[in-house]
Amino acid sequence: MKKDNLEVAIFAGGCFWCTEAVFQRVEGVENIISGYTGGEIKNPAYREITTGRTGHAEAIKIEYNPKSIGYQDLLEIFFATHDPTTLNRQGADRGTQYRSAIFYTNDEQQRVAKEMITMLEGENIFDDPIVTEVTEFEVFYNAEDDHQNYYNQNSNQGYCQFVINPKLGKLQQKFKSRLKKEIQN
């Protein structure tokens, strides 16, 4: 899936506010949309997603410049900034809508994602087995406007302070060289 020489990656790593905030700071990421994918109903709304009955995951669609950052680099950041070993849960957020998932858009993404998981498990990076699903992408539904760019507009809110800020700290610590220049300083 390509758009104006950009490529697309779709990740679900718990609450989309968290994953959006992380990847907005990464060099080569041109656009991010928070939304829903992997479920059974068309055009779901947030109030339906939160029930966990639609099968959708809160996810982000990343449009990135492959000349600046590769898919494997995005995967490294994805796995380092959420817990891929907890089934249908990230911290206090529980339900299938918070599952860890990679929705691949082509065979190469599927191959790279599976190889990354095999490598992480082989190196015992995590104490528990990785439960991240690797699923073929079908359709993405944009979340409502109030969920877009959430952290940047609500960084003083409690959830942002206690859940998202530690993820951004980890990103800054582990991937400083991959951050957008204005964020590195």
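A: Gladly. Helices (H or I, at least four residues) and strands (E, at least two) are DSSP runs, numbered from the N terminus. This is a predicted model: local features need pLDDT of at least 70, side-chain atom pairs count only at pLDDT 80 or more, and totals for chains, interfaces and linings use all residues. Residues are numbered from 1 along each chain as its sequence is written, and side-chain values use heavy atoms, with hydrogens and water left out.

Q: Which helices each supply at least two residues of the lining of the largest pocket?

A: Rolling a probe the size of a water molecule over the atoms shows where empty space is left. On a 1 Å grid over the protein atoms alone, a pocket is an open set of points with protein on both sides within 12 Å along at least five of seven lines, a cavity is a set where a 1.4 Å probe fits but cannot get out, and lining residues have an atom within 4 Å of a point. Here α3 (71–80), α4 (107–122) and α6 (158–174) each supply at least two lining residues, and α6 gives the most, six. The lining has 26 residues, with A80, T81, H82, D83 and K170 nearest the centre of the pocket.

Q: What is the volume of the largest pocket, and how does its lining divide by class?

A: Grid points are joined across faces, edges and corners, and a volume is the space filled by probe spheres set on the points. For the largest pocket that gives about 390 Å³. As for class, Ala, Val, Leu, Ile, Met, Phe, Trp, Tyr, Cys and Pro count as nonpolar, Asp, Glu, Lys and Arg as charged, and the others, Gly among them, as polar. The pocket lining has 14 nonpolar, six polar and six charged residues.

Q: Which residues line the largest cavity?

A: They are G13, C18, T19, V22, F23, F78, T81, H82 and K167. The volume of this cavity is about 40 Å³. Helix α1 (residues 16–24) provides the largest share of the lining, four residues. By class, the lining holds four nonpolar, four polar and one charged.

Q: How many residues of α1 are buried?

A: Buried means under 20% relative accessible area, exposed over 50%, and partly exposed in between (1.4 Å probe, protein chains only). In α1, nine of nine residues are buried, W17 and E20 among them.

Q: Why does Q97 count as buried?

A: Q97 counts as buried because its relative accessibility is 4%. This residue sits in the loop between β6 (93–94) and β7 (100–104). Contact means heavy atoms within 4.5 Å. Leaving aside neighbours within four places in sequence, Q97 touches G14, I49, T50, G52, H56, A57 and E58.

Q: Which residues of β7 are on each side?

A: In a regular strand the side chains alternate between the two faces of the sheet. In β7, S100, I102 and Y104 are on one side and A101 and F103 on the other, all buried.

Q: Which strands pair with β7?

A: Two strands pair if DSSP finds at least two bridges between them. Strand β2 (residues 6–13) pairs with β7 in the antiparallel sense over four bridges, with F11 bridged to I102. Strand β8 (residues 133–136) runs parallel to β7, also joined by four bridges, and there A101 has E133 as its bridge partner.
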